[in-house]
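Here's a quick briefing on a ligand site and one residue elsewhere in the chain. Have a look at the structure first, then read on.

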Amino acid sequence: MYRSCPLCEATCGVAIEIEGDRVLSVRGDDADPFSKGYICPKGTALADLHHDPDRLTTPLVRDGAMWKKVGWDEAFDLVAQKLVGIRKAYGKDAVAVYQGNPTAHNLGLLTYGQLLMRTLGTKNAYSATSMDQLPHMLAALLMFGNQLLMPVPDIERTDLFVCLGANPLASNGSIMTAPDVKSRLKAIRDRGGKVIVLDPRRTETAEKADQHHFIRPGTDAALLLAMVHVLFAEKLVRGRLAVTGLSELEAAATAWTPERAAPITGIAADEIRGLARALATTPRAVLYGRIGVCTQEFGGLAAWLCYAVNALTGHLDEPGGLMFTTPAVDPLPLAAMLGFDGGFARWKSRVSGKPEFGGELPISALAEEIETAGNGEDKVQIRALLTSAGNPVLSSPGGPRLEEALKTLDFMVSIDPYLNETTRLAHVILPPTSPLERSHYDLALNAFAVRNVAKYAPPTFERSPEARHDWEICLALWTRIGVPSKLGAGSKLVHRLLGKLGPEAILDLALRTGPHGFGRGGMSLGKLRKSPHGIDLGPLEPRLPARLGHADKHVHLAPAEYLADLVRLERKHASPPNGNLVLIGRRHLRSNNSWMHNSERLVKGPPRCTLLIHPDDAAARGLSEGGAAKVSTRKGAIELPVEISDEMMKGVVSVPHGWGHNRSGTRLRVAEANPGVSVNDIVDPALIDELSGTSVLTGLAVTVAKA
Ligand SMILES: Nc1nc2c(c(=O)[nH]1)N[C@H]1C(S)=C(S)[C@@H](COP(=O)(O)OP(=O)(O)OC[C@H]3O[C@@H](n4cnc5c(=O)[nH]c(N)nc54)[C@H](O)[C@@H]3O)O[C@H]1N2
Ligand SMILES: Nc1nc2c(c(=O)[nH]1)N[C@H]1C(S)=C(S)[C@@H](COP(=O)(O)OP(=O)(O)OC[C@H]3O[C@@H](n4cnc5c(=O)[nH]c(N)nc54)[C@H](O)[C@@H]3O)O[C@H]1N2
Ligand code: SF4
Ligand SMILES: [Mo]
């Protein structure tokens, strides 16, 4: 049986051997044209997930500290009755939703989940986006005219790959769906190209690169402005695209000489010049920035400047550069149909005025919106929460505060296969089928893949009659709640149709009407069913200006929102940096945010939730390898083992996120035995990039002492 692994963005093909209802083995699928047999250890752990005795299979209703199994209809009726009651009594905004990361890998949640969440019409919609790629989406919206038009590096054809704030050898790539990044980076070097990594840690990716430069966390915007400065000063600006804002961008960078950026970033002025020149003079080159660029104090500016530097050096929409995909399913019309409209700062959060993006508010507003009393019709306090595929108690900043806030809700329901740190606080848990019991198509990730590919897989195991898919759960709730439409013209018909179709029929329709669908032998679900290893649709192709969402069909290089935010950057860097230690995160190949620590094979070995610290910083604090350190912020302290390594930049320490499985009332036996601590217990949710509303998860001031 062949399918794609849904656990990270790489979408590796897996070959699964089964006997009866058991998985015998999970291997890389050699015949998958995209992943060619590659998988990582998490792929093998798909079997553990499927057979995990802790994975829930029937709805649970909480009575105090006790959980009772109930039937699906009873659970759906109860949830609908509660949510409808709260909407009626307090208004739409009293029901909040939170959607987590696995949504992006789940056909049912990307269709019926969106339908449910978006048509609830609540301003209190939250997701992991505001702890992640929001700055990229904002740049896509403001520069290219649609929030989903995030370009990806054409890693297969580039000769210079500059990697800023990403560690694809651990994460397997993000907004760059590219199975086996390691081989792809090696291929760049084998063909005489170069890989350059800029990161506060000498990462697994940096180890395989030609060059690595330590960069001071949170200073990417300064680095990129200095590169822009060099490009203009040395007349290196090029490219065929029609753009607006060129002179505004030049003016914005005038004061940012490499000499000014050097002490801020920790990268020498000559190196900054060299980087700008190399990008401008290498015919096929790309600057790729990812989560380290986004989740920082100036994430909005930094994400914008990453795209701008590619545009200025003639690498936007060019082979080997940063390109837009042509996936078999075009996500733009589909998202619009499901109610996901773009937009920024159309409204602000009630309590602290944080900006809306794409119909959602920043996650950092969730706790305060639950805690703070409302007054009147449009100043509504959150009374109920629906979470789906998310674990914000561990994954969002200020976990302990959110945890307390969740306990005060009138009602909470979670669509989730585990009784974990978040869902244990729900009144009802609705567990979906396992990944192997459902059909799969990468609706979202194919749109960010470095080749145009398409692959469909039917369920490996038929679901039992007692189990429900995510989409069935969402559809059942949607139907029962009877939410008014947000879908615009013809919505009654669309509604009735969606209620009947199911995700496969929607997929088939989207494939047939997509960019590869027309004509003889065009793309369809039937065609994909006949190619169980997937279909390669070729390398990325230039898509501009046709693809741009702006009416003027220009790339907007200097949107006013960014120019205005430069003032904040100036203010920040008016005084020299203080000598505080700063905290960054990290990812590990055998981990996946907060939710895969219940697999014995993934968590075995030495503890991974450790404090990484430079030898000099450790010595100055009397810390020894394996000893305990106390890491504090004004939000609290955590204690964890010390790992000393010169892979850390001096003055920077690292703690991974997603640990802290020591909360009572969870049902995760393996994870509870290897709990670690949650770094988000000490991350202050008030710290956001004030432009975009994205949480600041990197570059936080901390003190470290011997515990
Ligand atoms: N194994 C594994 N894979 C995953 C995940 C996982 O948890 N485990 N999570 C998935 C998810 S949800 C995502 S979003 C992706 C993320 O994918 P990536 O963006 O590749 O994420 P990271 O591996 O965290 O790499 C971010 C890098 O940024 C660096 N960094 C931190 N602060 C700064 C800074 O201020 N400036 C610069 N230039 N660099 C900085 C960090 O040291 C780190 O090496 O990974 C996905 N893949
Ligand atoms: N300090 C710090 N915090 C971070 C980050 C960081 O780098 N540093 N990274 C941030 C990022 S990039 C992200 S994306 C977020 C992730 O934040 P979240 O998405 O909130 O957290 P996850 O740990 O991915 O939890 C996923 C949940 O989905 C459930 N689940 C898994 N598969 C399915 C499914 O198919 N259907 C349903 N219904 N549920 C499923 C799991 O049981 C789990 O409860 O964390 C963010 N938090
Ligand atoms: S890299 Fe690992 S987790 Fe990601 S899709 Fe491939 S096998 Fe799955
Ligand atoms: Mo993420």
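A side-chain N or O atom of aspartate 220 sits 2.7 Å from a nitrogen atom of ligand 1, in this predicted model. The protein covers 97% of the 920 Å² of accessible area that ligand 1 has on its own (Shrake-Rupley method, 1.4 Å probe).

- Serine 171 puts a side-chain N or O atom 2.7 Å from an oxygen atom of ligand 1.
- Histidine 588 uses a backbone N or O atom, 2.7 Å from a nitrogen atom of ligand 1.

**The shell around ligand 1** (residues with a heavy atom within 4 Å)
- There are 31 residues around ligand 1, and Ser171, Asp199, Asp220, Ser591 and Thr698 come nearest.
- By class, the shell has 11 nonpolar, 14 polar and six charged residues; Asp, Glu, Lys and Arg count as charged, Gly as polar.
- Helix H6 (168-171) gives the largest share, three residues, and helix H13 (291-294) supplies at least two; helices are DSSP runs (H or I) of at least four residues.

**Alanine 139**
- Alanine 139 lies in helix H5 (residues 134-144).
- Alanine 139 has a relative accessible area of 0%, so it counts as buried (under 20%, 1.4 Å probe, protein chains only).
- Beyond its neighbours within four places in sequence, its contacts (heavy atoms within 4.5 Å) include Ala303, Trp304 and Tyr562.

**Ground rules**
- Residues are numbered from 1 along each chain as written, with chains lettered from A and ligands numbered from 1 in written order.
- Local features need pLDDT of at least 70, side-chain atom pairs 80 or more, while totals for chains, interfaces and linings use all residues; side-chain values use heavy atoms, without hydrogens and water.

Definitions and conventions: Polar contact = N/O pair within 3.5 Å; in protein donor to acceptor, adjacent residues only side chain to side chain. Buried < 20%, exposed > 50% of the residue type's maximum accessible area, 1.4 Å probe, protein only.
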